[in-house]
Amino acid sequence: MGTDGPVGTDAPIAALGADGPASTDGLGRRAARGAAATLVGQAVRVMIQLGGLVVLGRILDPKDYGILAAVTAFIGVGDLLRDFGLSSAAVQAKTLTLAQRTNLFWLNTGIGVILAVATFCSASPIASFYHNPHIAGVVRSLAVIFILDGMATQYRADMIRNLKFGRLAMVDIVAQGTGLIVGVVLGLAHYHYHALVAQQLVQAAVAVLAVVGIARWVPRLPRRHVPMRAFIGFGVNLMATQLLTYFSRNVDSLTVGHRFGPRVLGIYNRAFQLLTLPLNQLNAPALQVALPILSRLQDQPAKFAAFVVRGQLVLLNISLVLFAGLGSQARPLLPLVFGHQWSGSVPIFQILAVGGIFQAAGFSVYWIFLSKGMTRSSLRYSLTIRPIAIALIIGGSIWGVRGVASGYALGVILAWPVGLWWVGRVADAPAGQLLRSGLRSILAYATTAVVAAVVPRLLVHAAIAQAGLGIVVLVATFAAIVALWPAFRRDVQEVWATAQLLRGGRAAVEASLEPRGRAAQAGASGRHRRN
């Protein structure tokens, strides 16, 4: 296609240039290889992050974490502005020229510089909001990250677009590991919250040096008269959606920090980190793999629907395994692992974990919006559901920090069915099948978690004994549900088959993109409704 669509439309980006639409030949094989590389990379990153939480959690005080959480909750919105939705626009585009990619680089870098200056100047007002003068120095130090991340944005997008997931995983592992080493060293030297600040700065610097070092292109000077309108239109709508989502998912930290102080915020933030760590480590690579694949399948409805259904099933089951285990055993495990100073995080995490289950289920909704270029529909959906979520969190603060957590969880729970109804209406997505399989998994794992949480507390008293027995009960209950529930057993077999698929041959992975079942084909063959 040779022209840009009007700004804000839901038409997929069609960029000018010599590069034609990417072929879908061998897409299944590349998807499987990319998923395998990404999963290995994420597994290593999870171990690094968990190790960091445990080690630094025992070195530093909850107040140190509270100071950093207060700052990141406030200035984190700048990261969305810095990206401006342009990384996803570059990945989703059917064609992308070198001139367009160069212009996108300078846009992201320029936005990063502007945000760094604005953040530096806003340090004192942010410190006043939290009634803590130490926060001003942290804000000024972290401002430079906007410049570093702005420079790296299009390099990372180019690697994702070309399915170079192995290299990208290695970049993230090296950057995260280096940052953690610096943080631990400074923590042991009693630099307190400065250790956490240094960890963030080193991680961002190493990441940008790595992606630039392995890239095969060097940005030239920006060029005028290059078609950029579709990218900007895509980015504006996506950025607005992400801003609403970000605020609805960070207003809890802002509320806790403002009303209850940095120490309580540190305890809340530890629970929130335990929620977001598995979610981010699953969603980020899943989106990284799903977006380029689904974008290339957007004109093949049956294969598109099959990929989405299988993707939600796999991602949700992995998430539920983690939350069922962590949620049911949080009471004995968290104080053992992190120290008794973090005991207050246990009930908060258990409340947040309920919302995390539905948050994981809702990832597929975002995939559909993004891969089809329907950022305007996504924005309308966010304008409908996010204000409700924000009101629930602020209203919940009347009942203290647990009320804040409950408001957050309830908002996320409401967002999933509304999102499925929305994409089913505007994109002919297989919403019914996604809802049924999702509820089936949630019910099975919720039952498993409740039994595993209650039974050990009735039989033993020591924390280690409760945790050990809890794991045994968890596995036994899950096995019983699989044996007694045929529909759920088929879901588990599908997840296992997908795991085996990653090690299979080309024919197997290509077959994975074929529609499975009448529901997937029905969802794919429906009439596309107007947005």
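**Entry 1: Thr255.** I looked up Thr255 and found the residue in helix H11 (residues 229-260); helices here are DSSP runs of H or I with at least four residues, strands are E runs of at least two, and both are numbered from the N terminus. The model is predicted, so I kept to its limits: local features need pLDDT of at least 70, side-chain atom pairs count only at pLDDT 80 or more, and totals for chains, interfaces and linings use all residues. Residues are numbered from 1 along each chain as its sequence is written, and side-chain values use heavy atoms, with hydrogens and water left out.

Thr255 has a relative accessible area of 11% and is therefore buried (buried is under 20% relative accessible area, exposed over 50%, partly exposed in between, with a 1.4 Å probe and protein chains only). I set aside the neighbours within four places in sequence; Thr255 is then in contact with Phe260, Ile394, Ser397 and Val404 (contact means heavy atoms within 4.5 Å).

**Entry 2: Gly51.** I found Gly51 in helix H1 (residues 27-59). Its relative accessibility is 28%, so I noted Gly51 as partly exposed. I also checked Gly51 against Leu180: they are 129 residues apart in sequence, and their C-alpha atoms are 8.9 Å apart in space.

**Entry 3: H5 and H8.** I took helix H5 (residues 98-121) with helix H8 (residues 144-161); their axes are 7 Å apart and the packing angle is about 160° (axes are lines fitted to C-alpha atoms, for helices over the stretch in contact, and angles run from 0 to 180 degrees between N-to-C directions). H5 is therefore roughly antiparallel to H8 (under 35 degrees is roughly parallel, over 145 roughly antiparallel, 65 to 115 roughly perpendicular, the rest oblique). I listed the residues in contact, among them Leu104, Phe105 and Asn108 of H5 and Phe146, Ile147 and Asp158 of H8. The residues of this contact of H5 with H8 divide into nine nonpolar, seven polar and two charged (Ala, Val, Leu, Ile, Met, Phe, Trp, Tyr, Cys and Pro count as nonpolar, Asp, Glu, Lys and Arg as charged, the others, Gly among them, as polar).

**Entry 4: H14 and H15.** I then took helix H14 (residues 330-338) and helix H15 (residues 345-361), whose axes come within 9 Å and cross at roughly 130°. H14 and H15 are therefore oblique to each other. Ala330, Arg331, Leu334 and Pro335 in H14 meet Ser345, Val346, Phe349 and Gln350 in H15. I sorted the residues of this contact of H14 with H15 into five nonpolar, two polar and one charged.

**Entry 5: the chain.** I counted 23 helices and zero strands. Of the 531 residues in the chain, 55% are buried.
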